[in-house]
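Subject: Structure handover

Hello,

I am passing on the structure we spoke about. Please look it over before reading my notes.

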Amino acid sequence: MENVRAEQIEALEVFCGYNEKFVQNIRTIITELEGDRKEDTDRFLENIIKGINWEIGVLNGVMPLINEKEERIQKEEFNSNILRLSQALEGKDDLEIAKAMKETLPMFEKLGEIAREVLKG
């Protein structure tokens with residue numbers, strides 16, 4: 001059991017380092033999708049989607065640790081945000097994707113804050 005906890009803490013440490021850069025990338029893609037499109041915006045968006053999937057995967061693995069003392073993340077709310085973003089991505093409309101990213105951004109910022117809190121103990 002202690003080994004699992006150690007692995008979860010290690011995953012959260014990696015998550016924290018990644019999340020800071022990731023949140024900044026979300027801010028950048030929002031700007032690009034709102035009209036400042038670059039030559040590599042589509043590829044950048046694909047990488048952000050991969051990042052979202054990675055963060056979700058880590059989150060699923062560390063959820064017991066995160067919610068150990070109190071429910072810090074409500075899975076239903078999280079899933080609802082991701083579903084709205086997924087629907088916007090399917091529509092392939094830059095402004096709708098940017099809007100959904102803006103709605104999702106605070107959630108990813110909060111995940112970083114929660115991860116740092118949990119690591120502080």
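The notes below go from the chain as a whole to single residues.

This is a predicted model, in which local features need pLDDT of at least 70 and side-chain atom pairs count only at pLDDT 80 or more, while totals for chains, interfaces and linings use all residues. Residues are numbered from 1 along each chain as its sequence is written, and side-chain values use heavy atoms, with hydrogens and water left out.

Overall form

The chain has four helices and zero strands, in the order α-α-α-α. Helices (H or I, at least four residues) and strands (E, at least two) are DSSP runs, numbered from the N terminus. The C-alpha trace spans about 50 × 25 × 20 Å along its principal axes.

Of the 121 residues, 38% count as buried. Here buried means under 20% relative accessible area, exposed over 50%, and partly exposed in between (1.4 Å probe, protein chains only). The accessible surface comes to about 7,400 Å², and 49% of that belongs to carbon and sulfur atoms. Areas come from the Shrake-Rupley method with a 1.4 Å probe; for residues, only the protein chains shown count as cover.

A contact means heavy atoms within 4.5 Å. Among contacts between residues at least 6 apart in sequence, 71% join residues at least 24 apart.

There are 17 positive and 26 negative side chains, and the centres of the two sets lie 2 Å apart. Lys and Arg count as positive and Asp and Glu as negative, with His and the chain ends not counted. Each charge is placed at NZ of Lys, CZ of Arg, CG of Asp or CD of Glu.

Aromatic rings

Rings of Phe, Tyr and Trp (its six-membered ring) pair if their centres lie within 6.5 Å; planes under 30 degrees apart count as stacked, over 60 as edge-to-face and the rest as tilted. By this rule the count is five aromatic pairs. Y18 and F22 form a stacked pair, with 5.6 Å centre to centre and 20° between the planes. They are four residues apart in helix α1 (residues 2-33), and therefore separated by about one helical turn. Y18 is partly exposed at 31% relative accessibility, whereas F22 is buried at 2%.

F22 also pairs edge-to-face with F108, at 5.3 Å centre to centre and 80° between the planes. Because F22 lies in helix α1 and F108 in helix α4, this pair ties together parts that are 86 residues apart in sequence. F22 and F108 are both buried. Ring pairs link F15, Y18, F22, W54, F78 and F108 into a cluster.

Other residues

T104 is in helix α4 (residues 94-120) and is buried, with a relative accessible area of 2%. Leaving aside neighbours within four places in sequence, T104 is in contact with N81, I82 and L85.

Q24 is in helix α1 and is partly exposed at 40% relative accessibility. Q24 and E109 are 85 residues apart along the chain, and their C-alpha atoms are separated by 9.6 Å.

K92 sits in the loop between α3 (75-91) and α4. Most residues other than glycine have a negative phi. K92 has a positive phi, near 60°, and is exposed, with a relative accessible area of 70%.

Regards
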